[in-house]
Amino acid sequence: MTPSERFFSTDYFTARNRFRELVGTVSGRLETISIDAKGSKGEDLSIDIAWFGVATPRRVLLHSSGLHGVEGFAGSAIQLQLMNTLPTLSKDSALIIVHVLNPYGMAWLRRFNENNVDLNRNFLADESYNDVPPTYAQLDPFLNPQSPPASDLFTLKAGWLILRHGMPALKQAVVGGQYEYPKGLFFGGKRLEQGPEKYKTFLTLHLASTERIIAIDVHTGLGKYGEDTLLAEEKDYNTLHAMFGERVTPLDAEESPAYRIRGALNSVLPQAVPKATVFAITQEFGTYGPTKVLHALREENRWHHYGGGRLGHPTKQVLKETFYPQRETWRARVLQRGAELLQQAVSNL
């Protein structure tokens with residue numbers, strides 16, 4: 001088997017079975033967090049966590065995947081590869097691998113969870129789940145048509161909006177997160193969702209002794225095709241740039257492919273483990289251009305809410321390809337850069 005065949009999976013359940021089996025094979029400890037949502041055939045769904053190293057670590061390397069569901073194929077592959085070549089840890093350290101934080105999204109080929117919530121907008125420390133950017137409110141009829149998928153001059157309309165608003169401002173307004181349109185794109189929810197709440201509890205219970213955390217969360221769909229960008233909070237940029245090099249870029253729509261968001265996953269660590277010093281990186285692997293990505297999200301969202309919602313619909317397959325390209329060159333690059341970043345993280349732990 002090629003590395004791609006060994007580590008990349010065709011669907012969520014194949015990825016989960018591989019992960020669980022491999023954890024036992026390499027003598028890791030497996031913890032399963034079940035959620036109430038089900039797969040398309042009524043299957044149980046879960047967040048699966050592999051633990052290597054001491055039970056009460058001072059230092060932790062935390063690697064997570066699948067927060068955005070359909071983006072989880074790349075992160076899952078990196079994690080399977082990691083467990084085939086486990087690093088040597090110091091006596092006070094642990095490696096924690098969190099497999100698919102949004103199992104519903106990966107199983108149903110959605111970016112969002114069972115309540116249409118974008119989980120990377122859901123971890124609000126102040127619990128103020130309200131507000132929407134004014135520009136998003138103006139664009140709601142375009143972003144979230146209340147009809148099944150159909151040809152409607154999307155590319156032409158999107159191009160006009162980019163010319164009118166400018167790409168950085170438009171990108172920030174559209175994808176930064178909103179809390180008022182529950183059937184819309186990038187909806188952050190009205191409360192902490194079940195999966196995130198259970199994950200936060202897991203971190204609080206198991207990392208009470210931890211003093212230092214390096215966290216890597218893997219995503220796809222942002223940036224140049226086949227290249228990874230390492231996104232960091234502006235306050236941590238200098239430190240993380242020194243650790244991980246030139247690929248580190250701040251979460252700023254004006255200076256990078258990224259944008260600022262509320263309620264990101266990285267914010268849960270200071271909430272759950274307030275005594276720990278946290279260095280968090282989002283590893284984003286580029287796929288296709290932003291207009292194509294937005295169109296794929298928009299059409300799948302229309303199918304989910306106003307069509308049949310079935311898993312086999314073409315919008316699902318388009319979304320999967322958009323966030324999980326089938327080219328071998330793309331997959332090889334994901335595995336290469338995933339391994340390199342993890343090596344750097346271990347050396348900085």
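Modeller: Happy to! Helices (H or I, at least four residues) and strands (E, at least two) are DSSP runs, numbered from the N terminus. The chain has 13 helices and eight strands. This is a predicted model, in which local features need pLDDT of at least 70, side-chain atom pairs count only at pLDDT 80 or more, and totals for chains, interfaces and linings use all residues. Numbering starts from 1 along each chain as its sequence is written, and side-chain values use heavy atoms, without hydrogens and water.

Let us visit Gln79, which sits in helix H3, residues 72-84. Gln79 counts as buried because its relative accessibility is 0%; buried means under 20% relative accessible area, exposed over 50% and partly exposed in between, with a 1.4 Å probe and protein chains only. Leaving aside residues up to four places away in sequence, Gln79 touches Phe19, His63, Ser64, Ser65, Ile97, Val98 and His99, where contact means heavy atoms within 4.5 Å. With one of these neighbours, His63, the side chain of Gln79 also makes a polar contact of 3.2 Å.

Now step back to the whole chain. Of its 349 residues, 56% count as buried. Among contacts between residues at least 6 apart in sequence, 79% join residues at least 24 apart. Along its principal axes, the C-alpha trace spans about 60 × 45 × 40 Å.

Conventions:
Polar contact = N/O pair within 3.5 Å; in protein donor to acceptor, adjacent residues only side chain to side chain.
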